[in-house]
Amino acid sequence: MSHQDAKDQDGPDRDGPESAGGEGRGVPDGTRGPVTTVVTRRVKPGHEQFYELFLEGIIAAATRFPGHLGVEVFRPESASAGEYRVVYRFDTAEHLHAWNDSAEHAAWLERAEPHVTGPIRRQYLTGLETWFTDPARPGTPPPPPYKMALVTWITIFPLITLVVVILNPPLSGLPLVLRLAITTAVTVPLMTWVVMPRVTRLLRGWLYPHS
């Protein structure tokens, strides 16, 4: 499990993790499990409509890449704030690298340049940290490992129990390995996009007591 704070870089993102050059990727090769990347950009006043069109295009492009798990966009509360945060999730670091290093990704970043100002800020999370992303506070350190492990256990235990109870009757005739594959295929997306975001919001004060 690893965490890297966002890095600032002046001008277009030429050699950072969000570029197509492959240098300074941020997530080490061989990292196991899902990877989450939070990308923050400040949009020029009056360019919000153009940036929204850019987001539609780059998100559509990302969804076509292998291992893509989803994208969330956190828009600024007002035009004066101007900061957009985009959360990309991929199933492995290798698939994230393939997206970051692609010519298509680089082309989309170039299209955004006339509409943004200042550096790109990035945050990378892997392992359990992908379930404890706080896009509202980029750069906030993740909770201590014991808190992440405890919250994950008290969340996944009742969830997987419920999934097993519901799916056991229709799956009872299947081999054990296939039943487990279907059960986990249902449980993991529910944990990632439905249950954990709500649990972490509910326990925010305990998970991030100093934020």
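The points below concern salt bridges, one loop serine and a surface patch in this predicted model.

1. Salt bridges overall. The count of salt bridges comes to seven. Side chains of opposite charge can pair when their charged atoms come close.

2. R64 and E104. E104 forms a salt bridge with R64, with 2.9 Å between the closest N and O atoms. E104, at 29%, counts as partly exposed.

3. W99 and S102. A polar atom of the S102 side chain lies 2.8 Å from the backbone oxygen of W99. S102 is placed in the loop between α2 (93–100) and α3 (103–112). With a relative accessible area of 10%, S102 falls under the 20% cut-off and is therefore classed as buried.

4. R75 and E52. The side chains of R75 and E52 meet in a salt bridge at 2.7 Å, N to O. This pair also links distant parts of the chain, 23 residues apart, with R75 in the loop between β3 and β4 (83–90) and E52 in helix α1. R75 has a relative accessibility of 48% and counts as partly exposed.

5. E72 and R89. A salt bridge of 2.4 Å, N to O, joins the side chains of E72 and R89. The partners lie in strands β3 and β4 respectively, 17 residues apart. E72 counts as partly exposed at 31% relative accessibility, whereas R89 counts as buried at 9%. Elsewhere, salt bridges that share partners join R42, E83, R85 and R121 into one network.

6. Nonpolar surface patch. Y146, L150, W153, I154, F157 and W206 form a nonpolar patch on the surface, and their accessible area together is about 670 Å². Helix α4 (residues 145–171) supplies the largest share of the patch, five residues. Y146 is located in helix α4 and, with a relative accessible area of 53%, is exposed.

Conventions:
Residues are numbered from 1 along each chain as its sequence is written. This is a predicted model: local features need pLDDT of at least 70, side-chain atom pairs count only at pLDDT 80 or more; totals for chains, interfaces and linings use all residues. Side-chain values use heavy atoms; hydrogens and water are left out. Helices (H or I, at least four residues) and strands (E, at least two) are DSSP runs, numbered from the N terminus. Buried means under 20% relative accessible area, exposed over 50%, partly exposed in between (1.4 Å probe, protein chains only). A polar contact is a pair of N or O atoms within 3.5 Å; within protein, one must be able to donate a hydrogen and the other to accept it, and residues adjacent in sequence count only if both atoms are side-chain atoms. Patches are made of residues with over 30% relative accessible area and no salt bridge: like charges are joined within 9 Å, nonpolar side chains (Val, Leu, Ile, Met, Phe, Trp, Tyr) within 5 Å. Accessible areas come from the Shrake-Rupley method with a 1.4 Å probe; for residues, only the protein chains shown count as cover. A salt bridge is a side-chain nitrogen of Lys or Arg within 4 Å of a carboxyl oxygen of Asp or Glu.
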